[in-house]
Amino acid sequence: MTGQEERPKYEDMNLLLFQEEFKTSDDCQRWLFNTRWPNGFKCPNCGHERYSSITTRNLYKCLKCNYQVSVTAGTILHKTKTPLIKWFWLIFRMATSKTGVSIAEMQRELEITDYKTIWVMAHKIRKAMADRDATYKLAGLVEIDESFYGPSTSKKRGRGAENKAKLIIAVSVWKDEHGNEKPGFAHAFVADDASAKTIGKILNRIGVPDTEIDPIINAIRTDGWRSYQKISKDLGLVHHRIVITDPKDTMKLLPWTHKLIANAKAVFQGPHRGISTKHLQRYLSEVCYRFNRRYWNQQAFHRLLTACVSTNTITRDELMTNGEQSQ
Ligand SMILES: [Zn+2]
């Protein structure tokens with residue numbers, strides 16, 4: 001959100017606290033106001049501190065220059081016709097759920113007549129998740145593997161399964177003080193292919209700046225597919241090639257990418273069963289967003305709410321015509 005002057009405080013939140021703090025849309029409006037102006041109203045046009053509120057339109061008017069400002073401008077809540085309290089509930093549920101929420105269920109619970117309305121709301125929240133994660137770079141050793149999404153019409157499996165959407169998963173890996181390996185941050189992309197060129201583009205986007213002498217990502221761990229061999233040579237990365245003789249071993253040998261793939265499959269087969277490949281990237285970004293915040297359960301709501309008010313919206317038309325989000 002523009003005009004925000006302090007670092008956000010990510011307060012702990014659970015269902016009881018949420019219900020206590022956000023009973024009405026006015027409570028949500030107050031939260032937005034206090035987040036935007038933690039030290040009190042300040043006119044974005046002239047800096048004046050006195051205002052009148054035009055409550056029916058969620059607007060605040062500067063008493064000196066008459067400039068009108070909306071607390072939802074520049075956020076995914078901008079110009080929404082849905083009451084803020086319904087938005088906050090959806091954000092709370094999406095933030096605190098482990099595997100994602102069923103939109104049909106939320107439509108009933110929040111009494112939203114039009115399914116498309118809540119469908120768009122949920123995708124706007126997913127866009128906020130993706131925008132938040134897009135700023136994070138991976139470092140050190142990065143485990144990379146591919147997976148596939150789509151109907152199992154073909155008997156072909158693995159890299160020959162042409163009808164399926166290709167997913168490329170990357171997870172940074174580090175060691176704690178006892179030498180135990182831990183997963184760090186993850187990214188996942190829907191990709192046209194698993195060529196060295198595509199993987200190179202992804203590596204550039206998530207970590208390796210081609211202008212840097214010391215790339216942030218210095219090593220990759222993969223199953224040794226030829227694209228990885230080529231790209232590690234081209235980018236000067238150390239390549240830890242895992243030899244997989246039995247496909248059952250991938251979970252053990254490439255554990256972190258496969259943990260994320262398992263999370264994604266649970267979501268794609270559960271609350272979001274039957275999603276179209278056009279919108280797949282956004283669902284995948286939701287899975288990553290949750291994976292990347294797995295240690296911050298209590299702060300999940302405030303973190304997501306902050307993401308939602310820190311990113312520009314995407315319109316319903318953009319959502320429908322452009323399946324891939326721009327990052
Ligand atoms: Zn003013």
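Mentor: Buried means under 20% relative accessible area, exposed means over 50%, and partly exposed lies in between, using a 1.4 Å probe and protein chains only. This is a predicted model, in which local features need pLDDT of at least 70 and side-chain atom pairs count only at pLDDT 80 or more, while totals for chains, interfaces and linings use all residues. Residues are numbered from 1 along each chain as its sequence is written, and side-chain values use heavy atoms, with hydrogens and water left out.

Trainee: How many helices and strands does the protein chain have?

Mentor: The protein chain comes to 12 helices and eight strands. Helices (H or I, at least four residues) and strands (E, at least two) are DSSP runs, numbered from the N terminus.

Trainee: What share of the residues is buried?

Mentor: Of the 327 residues in the protein chain, 47% are buried. As for contacts, meaning heavy atoms within 4.5 Å, 63% of those between residues at least 6 apart in sequence join residues at least 24 apart.

Trainee: Turning to the metal, which residues coordinate the zinc ion?

Mentor: Cys-43, Cys-46, Cys-62 and Cys-65 do so, each through its SG atom, at 2.3 to 2.4 Å. Donors are N, O and S atoms within 2.8 Å of the metal (3.2 Å for Na, K and Ca); water is not among the atoms, so sites may look incomplete.

Trainee: Why is the arrangement around the zinc ion tetrahedral?

Mentor: The four donor atoms subtend angles of 105 to 113 degrees, and this makes the arrangement tetrahedral. Four donors count as tetrahedral if all angles lie between 85 and 135 degrees.

Trainee: What spacing do the donors follow along the chain?

Mentor: The donors of the zinc ion follow C-x2-C-x15-C-x2-C. Cys-46 sits in the loop between helix H2 (25-36) and strand S1 (51-54), and Cys-65 in the loop between strand S2 (59-62) and strand S3 (68-70), so this pair ties together parts that are 19 residues apart in sequence.

Trainee: What is the relative accessible area of Cys-46? And of Cys-65?

Mentor: Cys-46 has 36% and is partly exposed. Cys-65 has 30% and is partly exposed.

Trainee: In what order do S1, S2 and S3 lie in their sheet?

Mentor: They form an open sheet of three strands in the order S1-S2-S3, with antiparallel pairing. S1 and S3 are the edge strands, each pairing on one side only. Two strands pair if DSSP finds at least two bridges between them. Between S1 and S2 there are four bridges, and Ile-54 has Leu-59 as its bridge partner in S2.

Trainee: What is the strand order in the sheet of five strands?

Mentor: The order is S6-S5-S4-S7-S8, in an open sheet with mixed pairing. Its edge strands are strand S6 (181-191) and strand S8 (238-241), and each pairs on one side only.

Trainee: How many bridges join strand S5 to S6?

Mentor: Nine bridges join S5 (residues 165-175) to S6, and the two run antiparallel. Leu-167 has Val-190 as its bridge partner in S6, and Lys-175 has Glu-181. S5 and S6 form a hairpin with five residues between them, and Gly-179 in the turn has a positive phi of about 85 degrees.

Trainee: And what joins S4 to S5?

Mentor: Nine bridges join them, again in an antiparallel pair. Tyr-149 is partnered there by Ala-165 in S5. S5 is mostly covered, with nine of its 11 residues buried.

Trainee: Which strands does helix H10 lie across?

Mentor: H10 (residues 280-292) lies across S4, S5 and S6, at about 170 degrees to S6. Helix H6 (residues 196-206) lies across strand S4 (140-149), S5, S6 and strand S7 (217-222), at about 125 degrees to S6. Axes are lines fitted to C-alpha atoms, for helices over the stretch in contact, and angles run from 0 to 180 degrees between N-to-C directions.

Trainee: Why is H10 described as largely enclosed by the rest of the structure?

Mentor: Because 13 of the 13 residues of H10 are buried.

Trainee: Finally, how many residues of helix H11 are buried?

Mentor: Nine of the nine residues of H11 (residues 300-308) are buried, including Phe-301, His-302 and Arg-303. The buried residues of H11 pack against helix H1 (15-21), H2, helix H3 (84-96), helix H5 (115-134) and H10.

Conventions: Tetrahedral: all angles 85-135°; square planar, octahedral: opposite > 155°, others 65-115°.
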